[in-house]
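Hello,

Here is the structure I promised to pass on to you. Have a look at it first, and then read my notes below.

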Amino acid sequence: MIPISSVGLGEEEVELVSAVLRSGQLAQGPRVAEFEAQFAALTGVKHAIAVNNGTTALVASLQVLDLSPGEEVITSPFTFVATLNAILEAGATVRFADIGQDFNLDPTSVEACLTDRSRVLMPVHLYGLPADMDALAAVAETNDLAIVEDAAQAHGARVGNRAAGSFGLGSFSFYATKNVTTGEGGIITTDNDVLADRLRVLRNQGMRARYQYEMAGHNYRMTDVQAAIAIPQLRRLSRTTDSRRANAATLTSGLAGIDGLVLPEVPSGRESVWHQYTVRITPDARSTRTAVIDALGAAGVGCGIYYPKLVHDYDCYRGLDEVRVGPTPAAARAVEEVVSLPVHPGLSDHDIDTIITAVRAALT
Ligand SMILES: *Cc1c(COP(=O)(O)O)cnc(C)c1O
């Protein structure tokens with residue numbers, strides 16, 4: 001079976017992790033500091049604050065913005081559940097805007113969702129493609145909203161001459177399936193000195209210096225073992241991203257011209273890091289999505305549906321005062337139509353041929 005994601009760790013990671021283990025300094029230490037400097041440089045921001053996972057990164061970002069109960073975060077309903085859970089954990093109210101053709105927040109729909117309680121705009125850079133940040137940042141600016149980017153899938157993605165995660169507070173994940181992984185891990189990026197300082201204190205029990213507590217904090221720290229896994233991957237990131245781009249380009253030329261199969265496009269001015277290569281199977285297709293997925297499985301091609309339902313469409317969120325749901329027809333269509341195909345750097349040319357042949361066979 002060709003897997004939908006793969007982890008590509010090498011000898012450099014083994015060496016660096018071994019050095020950390022031999023040093024006896026396992027908790028947050030010099031390797032975390034090194035990784036933070038490296039990630040800040042990648043994102044072109046002054047500060048990067050490493051934390052224990054990507055969900056924590058979102059929660060902490062919202063916590064330092066000091067929202068009052070009832071104040072609203074506007075985000076996408078077409079995302080992983082962590083986006084929603086983080087907003088609820090931070091004690092805020094969530095309002096969902098619709099998405100565009102790019103699967104990301106539609107700036108016009110965001111404007112239609114604004115209320116006098118709107119405080120934060122949380123775009124999700126889904127599948128590694130940054131949202132339309134020029135338009136979204138303009139909406140945020142006009143309406144005095146803070147920006148928290150859910151960049152969990154978008155390490156190194158760019159909009160114009162800026163990186164995803166550089167528009168306000170950026171939140172990244174290093175979960176096992178992400179483009180950079182530490183098993184579990186996260187980081188927050190920002191140019192804002194005051195928020196960066198608060199995040200560092202919040203992460204460490206609210207402690208500025210030994211036993212000097214400034215706020216009721218948390219233990220959100222990353223370990224030096226995790227950072228040692230990440231450092232070599234960041235050095236290689238432009239190469240692994242180029243490999244994802246090349247795989248995406250091969251898939252796109254091999255899958256062109258099939259009725260009812262909509263291929264992913266990167267709008268001009270944006271650079272995707274291809275966390276996923278996600279197609280739509282529309283009602284015009286020769287086969288249903290379920291049948292296509294079954295056929296791909298039989299041909300040895302792993303694929304995934306990210307995500308099968310709108311994020312709030314589960315009983316545990318229904319009727320909650322903090323979850324404000326309106327009509328989002330484009331997102332509702334996306335959950336019915338999307339399928340992600342393997343695009344990761346572990347694919348061989350033969351694997352990509354197998355994927356193209358299997359999709360063509362299922363739909364023509
Ligand atoms: C992975 C992911 C997260 C959460 O990250 P974890 O490290 O798994 O906590 C948040 N948002 C999105 C869109 C993700 O894909």
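In this predicted model, the ligand is surrounded by 15 residues, and the closest include Gly 54, Thr 55, Asp 150, Ser 173 and Lys 178. By type, that shell divides into eight polar, five nonpolar and two charged residues. Two helices, helix 3 (54-63) and helix 4 (81-89), each supply at least two residues of the shell.

Asp 150 has a polar side-chain atom 2.7 Å from a ligand nitrogen atom. For Gln 153, a polar side-chain atom lies 2.8 Å from an oxygen atom of the ligand. Lys 178 has a side-chain N or O atom that is 3.0 Å from a ligand oxygen atom. How much of the ligand does the protein bury? Taken alone, the ligand exposes 380 Å², and the protein buries 93% of that.

Strand 9 is also worth a look. Five of the five residues in strand 9 (residues 186-190) are buried, so this strand is largely enclosed by the rest of the structure. Gly 186, Ile 188 and Thr 190 point one way, while Ile 187 and Thr 189 point the other way. In a regular strand, side chains alternate between the two faces of the sheet.

Which strands pair with strand 9? Strand 1 (residues 47-51) runs antiparallel to strand 9 and is joined to it by five bridges, with His 47 opposite Thr 190. Strand 8 (residues 169-173) is also antiparallel to strand 9, again with five bridges. Here Ser 173, one of the residues closest to the ligand, stands opposite Gly 186.

Enjoy exploring!

Best wishes

Technical notes. Residues are numbered from 1 along each chain as its sequence is written. This is a predicted model: local features need pLDDT of at least 70, side-chain atom pairs count only at pLDDT 80 or more; totals for chains, interfaces and linings use all residues. Side-chain values use heavy atoms; hydrogens and water are left out. A residue is near a molecule or strand if one of its heavy atoms lies within 4 Å of it. A polar contact is a pair of N or O atoms within 3.5 Å; within protein, one must be able to donate a hydrogen and the other to accept it, and residues adjacent in sequence count only if both atoms are side-chain atoms. Accessible areas come from the Shrake-Rupley method with a 1.4 Å probe; for residues, only the protein chains shown count as cover. Helices (H or I, at least four residues) and strands (E, at least two) are DSSP runs, numbered from the N terminus. Ala, Val, Leu, Ile, Met, Phe, Trp, Tyr, Cys and Pro count as nonpolar, Asp, Glu, Lys and Arg as charged, and the others, Gly among them, as polar. Buried means under 20% relative accessible area, exposed over 50%, partly exposed in between (1.4 Å probe, protein chains only). Two strands pair if DSSP finds at least two bridges between them.
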